[in-house]
Amino acid sequence: MMKQKLINKMKIVFPGYSENERFSRAAVSSFVSQLDPLVDELSDIKTAVSEGVTNAIVHAYPDTIGEVQLEVKIVEGRRVIIKIKDKGCGIEDIEKAMEPMFTTSPDEERAGLGFAVMQSFMDSVRLRSRVGKGTVLTLEKTLREKEHK
């Protein structure tokens, strides 16, 4: 893929407390708002970030609280690239992890639809993981051009 010109970027690191999922969603929303996105685009991004950060909090560190890193880049062409990284347990089988209804959580509340949700709201969802080293989730979305009245 061709290197795109960076417009702006930000990075935050926070402990994997469930309360920080809301914070991460708000931080990304505030940062992306400089592009003046449409309401549905911002909602899609916030939902995907919420799912990704929740996955890191719940699955990466099953028995402890670890760090989650959130990096957002805005590149030319109104493209938003979001990376959610952890240094947790990693994912053994990425294909299986991305299947709808698959979950490693013993919590019956979790439907295992996080990746399906992210894929429906973003242009691209990529996952890299190494067992015992952690996971990097990359979400990308190109925002529509605003119509000028």
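I took helices (H or I, at least four residues) and strands (E, at least two) as DSSP runs, numbered from the N terminus. With that settled, I noted that Lys87 sits in the loop between S3 and helix H3 (94-97).

**Entry 1, ground rules.** I am working on a predicted model, in which local features need pLDDT of at least 70 and side-chain atom pairs count only at pLDDT 80 or more, while totals for chains, interfaces and linings use all residues. I number residues from 1 along each chain as its sequence is written, and side-chain values use heavy atoms, with hydrogens and water left out.

I counted 4 helices and 5 strands, and read their order from the N terminus as β-α-α-β-β-α-α-β-β. Of the 149 residues in the chain, 44% are buried, where buried means under 20% relative accessible area, exposed over 50%, and partly exposed in between (1.4 Å probe, protein chains only). I also looked up contacts, meaning heavy atoms within 4.5 Å, and found that among those with a separation of 6 or more, 67% join residues 24 or more positions apart.

I found H1 at residues 19-32, with 14 residues and a reach of 21 Å from its first C-alpha to its last, close to the 20 Å expected at 1.5 Å a residue; the expected span is 1.5 Å times one less than the number of residues. The buried residues of H1 include Asn20, Glu21, Ala27 and Phe31. Their cover includes strand S1 (6-15), helix H2 (39-60), strand S2 (67-75) and strand S3 (79-86).

Two packed helices are described by the angle between their axes and the distance between the axes. For H1 and H2, I noted axes that come within 9 Å and cross at roughly 145 degrees; the axes are lines fitted to C-alpha atoms, for helices over the stretch in contact, with angles from 0 to 180 degrees between N-to-C directions. On the H1 side, Glu21, Ser24, Arg25, Val28, Ser29 and Val32 meet residues of H2, among them Leu42, Ile45, Val49 and Ile57. By class, I recorded 7 nonpolar, 4 polar and 3 charged residues in this contact, counting Ala, Val, Leu, Ile, Met, Phe, Trp, Tyr, Cys and Pro as nonpolar, Asp, Glu, Lys and Arg as charged, and the others, Gly among them, as polar.

Asp36 counts as partly exposed, at 47% relative accessibility. Pro37 is placed in the loop between H1 and H2, and is buried because its relative accessible area is 12%. Leaving aside neighbours within four places in sequence, I listed Val32, Leu42, Arg78, Leu143 and Lys146 as the contacts of Pro37. The C-alpha atom of Pro37 is 8.7 Å from that of Glu145, 108 residues away along the chain.

I placed Arg78 in the loop between S2 and S3, noting a positive phi of about 60 degrees although Arg78 is not a glycine. Its relative accessible area is 14%, so Arg78 is buried.

Leaving aside neighbours within four places in sequence, Lys87 is in contact with Tyr61, Glu67, Lys133 and Gly134. I also noted that Lys87 and Gly132 are 45 residues apart in sequence and 7.8 Å apart in space, C-alpha to C-alpha.
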